[in-house]
Amino acid sequence: MTVNSSPDFAAAPRKAGKALAISPIARILYLTSLWVPLIGLALFFLYPLVLIVQRSFVQRDGMIGIANYVDVLSMRHIPGVIWNSLVMSGLTTLICVVLGFMIAYFLQRTHARLRWVISVALLLPLLAPSLVQALGLIFLFGRNGLISQATGWNLQIYGLWGLVISNSMYALPQAVMIIQASLRQSDTRQYDAAMMLGATPWQRFVDITLPNARFGLLSAAFVCFTVTITDFGNAAVIGGNYRVLATEIYAQVVGQMNFNMGAVIGILLLIPTLMAFYIEKVAAQRHTSGATEGAMPVAPDRQPLRDISLGLFSYGAALFLIAVVVTVVYASFVTLWPYRLDLTLRNYNITAQGGYAPLWTSLIVSTQAAVIGTLLLFMLVVSQRRLGRGMAKAVYLLAIVPVGVPGLVLGLAYILSFNVAGALPGLLYGTTLLIALCNFYHYHSQGFLTMVTGIRAVPPQLEETVTCIGGNSLHGLRDAILPVMLPTLVAVFFFLFMRSMVTLSAVIFLITPQLSVGAVSVLRLDQAGFATQAAAFSVCIMAVVMIALGMMKATLTFLERKPRN
Amino acid sequence: MRQTKTRLSAFLASCSLLATPAFAGEITVYSALEDEEIAAYLAVAQQELPDLTINVLRLSTGNLGARLIAEAANPQADVLWGFAVTNILSPAIYDLLDVHEAEGVGDLPAQFRDPENRWFAPIGYMGAFCVNTMRLEQIGAPMPQSWADLTDPAFAGEIVMPDPGSSGTGFLQISAILQGAGEEDGWQLIQDLDPNMAQYTTSGSRPCRMAQAGEFTVGASLSFVAMQGIEQGFPLEMVIPSDFAGFELEANALISGSSNEEAARRFLDWTLSESAAQVYSENKALITMPGVPRSPLAEAAGLPEDLSEVLFPMDFATSGAQRDAIIARWRDLVGR
């Protein structure tokens, strides 16, 4: 077996198929791990989406037709709103991909100290409710915020820039997660060879690092764009007069009870997900990724100039994220923000419905979402490697589209799908499991893309070798895939867990009188004017997530050590 | 097949029994009332109806409306409680309601109940300005008393109001101006206000929350939202606009297909009872039931004995029918 053999994509599944034919158990295992996630996607994503598409064609007169689309597109302000959305998401994507790549590179390829500070800072936007982060930004940069008060400047946070900043805070950690997964896979031998041929560090970066990270960068850009163009929460709090399509859905559905018109805009927002076709094409070009058997991970090195400039941006971004959350924590202890800044614990006596009970419900929901999600995604990602070209394409597209569906639309689609009397799916309605599934499919694309990026580091030959020398697929999984994939699996698990704890837009339609979650309590407190209580509740959510993550991490470390003893 | 089906449903029924003990007298209520109000009212209702278990889901009117429409095929709620009349009149919601002639509904003035008895509104709330007194002093503007006062250039970029397309509160304010001043003058006033408007927000309470935090001077919002801020000690004053104070009714209704119809009707009757009136008067400024003593809150808000002096008689049916046209014209006018 030659080191540099890079079999074309089409050949791989055929070979694997032969190996599979030997062992019936392996075959069953393979089929299960392919079809269970696919059926899940069909039931909990595709079916609800189809119902929404159907609603978008139901006209006011009850007939089926395209009148709603004509109505929406002929509204005079809509072209401006579409333009606004594109500009906002475009800027956010640019910032997040460039900054995200710098941070990911800094974390993965340098020796700089205190990198863990950056890793922790990047968790903050994922585990704090976005409503409260926007409040934190206003507390800091608002017209009556701490900075305005201290300096007398008249800062204008409301509008495009406030929106770009808050959405970047939301998207950046997701970009870093995906790009980092792509930087983990590089092969140090490529760099060594280039060095011997006299390539400068810059040439090595342009000719090796960038092409290898291309898929990760593309995926990250895709996620940043779609996730911010569909996000409503930040636009509502900090967007000011900068109207975007996500606000338009809210205005139609929640403001004017025009359910079907909202569905139309929801469908229009799916258009950017067409980029998925291109990403899938890049993904299929496996030979560019260069994951080969015997690859050795690139060891971090030192280059003072590079490290200092990257560090400046990375620590700067981290500092910003920390500052916003610290402001929230500070506000949670303040008597009456921003007028009486004496400290108190009174805000932690939560007066919203149910007190702290919704927090524990969130914990259950998030654990379910993370366990089910990580398992299903792993099964899907491992099994789709063996698929033929056409099928792989279909799976890819289906797995990537959820990111383009706004939470509000997904939540309502879940009601349409699962609020059915007497039928089996109706059993799920009003349970934590349904909320967990909704959260998982809401964030399905990010998890999928991260895992796909991660598994590209596993050379197909290695897996094959393990299978050929008598091991079954399970051995291949354990010996070839799991060790390489473990950091990515952990990242995805934590991501799903954290987002489930705080996501609001879809969940708000799935809670019941008996079952509410923490993010809803935060919203209620803020609506009733208790901004500091809302901050306090968010601090509790953050603390619980931190503790949970810490415990999981400790367990993981313990499990990793065990076999060696 | 049928047998399996019955067996299955029996099994499911026993499951749900295990999960939540379902009494004959258990109802699910969707409400847009405030958390504190719900707590106060329920405490009394439970005394009057001790055999009834009342489960309340509290969401904003808009979110509840979207949910009701989505759940239409299999309604989950039995009662709609304290839901904005403007939204109830939307056919998408109105068609989901059942007729219930509540005890004593005849005593309510006609404008506070549906001619077909699908809803009745014993309470409501008013449009109000939240004025941050500290910021007012800083910008050196006089205390505004009316919408007309807000056209003063001293308020440039210092006022926030809700977007009528996204928020029922915003719509009630615009339609109060239009109905009060007439089409032509009304649109003129809206246009004159626009240069001073820093933002049109998505939510109806957000303008007041921004004013209480000192981000802007005036937030056009609702009376109870302002009261919440004042109670917490913010430097806030509530102003009921002297020219066009819009108001919104909080209606109660029976949802068609309720599986606990009897209990639901009993609860609805309670919402119009004397004991309910008593607890309304402790929590509400605007009570439409005749003969209810004026509430201390109304007094605190500086409302006159006869509310009709400040409240413009709004025609909800008309504004509802013209809703889309009004919103479209408004958006063209302000261009945001």
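Trainee: Where does A:W153 lie in chain A?
Mentor: A:W153 sits in the loop between α7 (146–151) and α8 (160–183) of chain A. Helices (H or I, at least four residues) and strands (E, at least two) are DSSP runs, numbered from the N terminus. One caution: this is a predicted model, where local features need pLDDT of at least 70, side-chain atom pairs count only at pLDDT 80 or more, and totals for chains, interfaces and linings use all residues. Residues are numbered from 1 along each chain as its sequence is written, while chains are lettered from A and ligands numbered from 1 in the order in which they are written.

Trainee: Is A:W153 buried or exposed?
Mentor: A:W153 is exposed, because 12 other C-beta atoms lie within 10 Å. The cut-offs: buried takes 20 or more other C-beta atoms within 10 Å of the residue's own, exposed takes 12 or fewer, and partly exposed is in between, with C-beta atoms placed from the backbone.

Trainee: What does A:W153 touch?
Mentor: A:I147 and A:S148, not counting residues up to four places away in sequence. A contact needs C-beta atoms, placed from the backbone, within 7 Å.

Trainee: How far is A:W153 from A:R143 in space?
Mentor: The distance is 8.4 Å, C-alpha to C-alpha, and they are 10 residues apart in sequence.

Trainee: New spot. Where is the place of A:K281?
Mentor: A:K281 is in helix α14 (residues 275–284) of chain A. A:K281 is exposed, with 12 other C-beta atoms within 10 Å. From A:A67 it is 214 residues away in sequence and 35 Å away in space, C-alpha to C-alpha.

Trainee: Let's zoom out. How many helices and strands does chain A have?
Mentor: Chain A has 24 helices and two strands. Buried residues are 54% of its 565 residues.

Trainee: What is the radius of gyration of chain A?
Mentor: It is 24 Å, which agrees with the value near 24 Å for a compact globule of 565 residues. That radius is taken over C-alpha atoms, and the globule rule is 2.2 Å times the number of residues to the power 0.38.

Trainee: And how many helices and strands in chain B?
Mentor: Chain B has 15 helices and 11 strands. Its radius of gyration is 21 Å, close to the 20 Å that the rule gives for 336 residues, so chain B is as compact as a globular protein of that length. Of those 336 residues, 53% count as buried.

Trainee: Last one. At what angle do α16 and α19 of chain A cross?
Mentor: Helix α16 (residues 357–384) and helix α19 (residues 432–442) of chain A cross at roughly 55°, and their axes come within 8 Å. Axes are lines fitted to C-alpha atoms, for helices over the stretch in contact, and angles run from 0 to 180 degrees between N-to-C directions. α16(A) and α19(A) are therefore oblique to each other. Under 35 degrees counts as roughly parallel, over 145 as roughly antiparallel, 65 to 115 as roughly perpendicular, and the rest as oblique.

Notes
Contact = placed C-beta atoms within 7 Å.
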